[in-house]
Amino acid sequence: MTEYLPAVEIEPATSAKASVIWLHGLGADGHDFEPIVPALKIPAAMAVRFILPHAPSLPVTVNNGIVMPAWYDIIRFGEEREFNRAQLEASANAVHALIEREIERGVPANRIVLAGFSQGGAVCYHAALTYAQRLGGVLGLSTYFPTHDLPANAAQAGLPIMICHGTVDMVVPMVMGRNSVRHLETYGLSPEYKAYHMAHQVCPEEIDDIAGFIRKCLPTA
């Protein structure tokens, strides 16, 4: 029996026709982005289920080995971070399991959007590009793409991606977000990049853009 990541699930008023799987950042949990879901003002007719999984707790080297919710260990900071790749890949596989569960619940893969903040976004890039069925889209929020040498699945050709980043982000500097664009373009993808005057956070203008991207990726019939 498959074990799934524990998660906050926000159900639509009617049977779900689409899903957004949204991964939090280091040290947070699935509740972190829960208040943003109603702020998106997604139309009820879209019938979107939001799944906000909780990361496992791991010792994090750059935080003096303190155990905290983390999708993978970060060993060293820097523009090209040193990290535990096996843990990141395990987290991506756990996201694949959540995708498979949504498909079993009746939501097709192309009606599933992955969204991730910081560490969560890094996992989403990996999970999306290695998944064997075309997904609806990817939102990379204040994040980076550390596994940009992975072999991408051809099913993700033309995958819609929107990258949002703060111009004064001191945790994940803006150059890392711009590098993600460059790395994704090597796969033939055309990510949309949006910058906001903010730090390592989310702002109202960005929330509006996120809502617009979700609507575009998951149009109602």
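In which sense do strand 1 and strand 3 (residues 48-53) pair, and over how many bridges? Strand 1 and strand 3 pair in the antiparallel sense, over four bridges, where two strands are said to pair if DSSP finds at least two bridges between them. This is a predicted model, in which local features need a pLDDT of at least 70 and side-chain atom pairs count only at pLDDT 80 or more, while totals for chains, interfaces and linings use all residues. Residues are numbered from 1 along each chain as its sequence is written, and side-chain values use heavy atoms, with hydrogens and water left out. Helices (H or I, at least four residues) and strands (E, at least two) are DSSP runs, numbered from the N terminus.

- Seven strands form an open sheet with mixed pairing, and their order is 1-3-2-8-9-10-11.
- At the edges of this sheet are strand 1 (7-10) and strand 11 (192-196), each of which pairs on one side only.
- From one strand to the next, the twist averages 15°, with axes being lines fitted to C-alpha atoms, for helices over the stretch in contact, and angles running from 0 to 180 degrees between N-to-C directions.

- Helix 3 lies across strand 2 (18-23), strand 8 (112-117), strand 9 (137-141) and strand 10 (161-166), and runs at about 145° to strand 8.
- Helix 5 (residues 204-217) also packs on the sheet, where it touches strand 2, strand 3, strand 8, strand 9, strand 10 and strand 11, and its direction makes about 165° with that of strand 9.
- Helix 3 (residues 119-129) is mostly covered, since 11 of its 11 residues are buried, a word that means under 20% relative accessible area, whereas exposed means over 50% and partly exposed lies in between (1.4 Å probe, protein chains only).
- Among the buried residues of helix 3 are Gln119, Cys124, Tyr125 and Leu129.

**Helix 2 and helix 3**

- The axes of helix 2 (residues 85-104) and helix 3 come within 8 Å and cross at roughly 65°.
- That angle makes helix 2 roughly perpendicular to helix 3, on a scale where under 35 degrees counts as roughly parallel, over 145 as roughly antiparallel, 65 to 115 as roughly perpendicular and the rest as oblique.
- The contact (heavy atoms within 4.5 Å) is made by Arg85, Leu88, Glu89, Ser91, Ala92, Val95 and His96 of helix 2, together with Ala122, Val123, His126 and Ala127 of helix 3.
- These contact residues divide into six nonpolar, three polar and two charged, where Ala, Val, Leu, Ile, Met, Phe, Trp, Tyr, Cys and Pro count as nonpolar, Asp, Glu, Lys and Arg as charged, and the others, Gly among them, as polar.

- Strand 4 (residues 57-60) and strand 5 (residues 66-69) run antiparallel and are joined by four bridges, and Leu58 stands opposite Met68 of strand 5.

**Selected loop residues**

- Lys41, in the loop between helix 1 (36-39) and strand 3, has a positive phi near 55° although it is not a glycine, and Lys41 is exposed, with a relative accessible area of 65%.
- Ser142, in the loop between strand 9 and strand 10, likewise has a positive phi, near 50°, but Ser142 is buried, with a relative accessible area of 0%.
- Glu80 is placed in the loop between strand 6 (74-76) and strand 7 (82-83) and counts as partly exposed at 42% relative accessibility.
- Leaving aside neighbours within four places in sequence, Glu80 is in contact with His148, Asn179 and His183; the C-alpha atoms of Glu80 and Asn179 are separated by 9.8 Å, although these residues are 99 residues apart along the chain.
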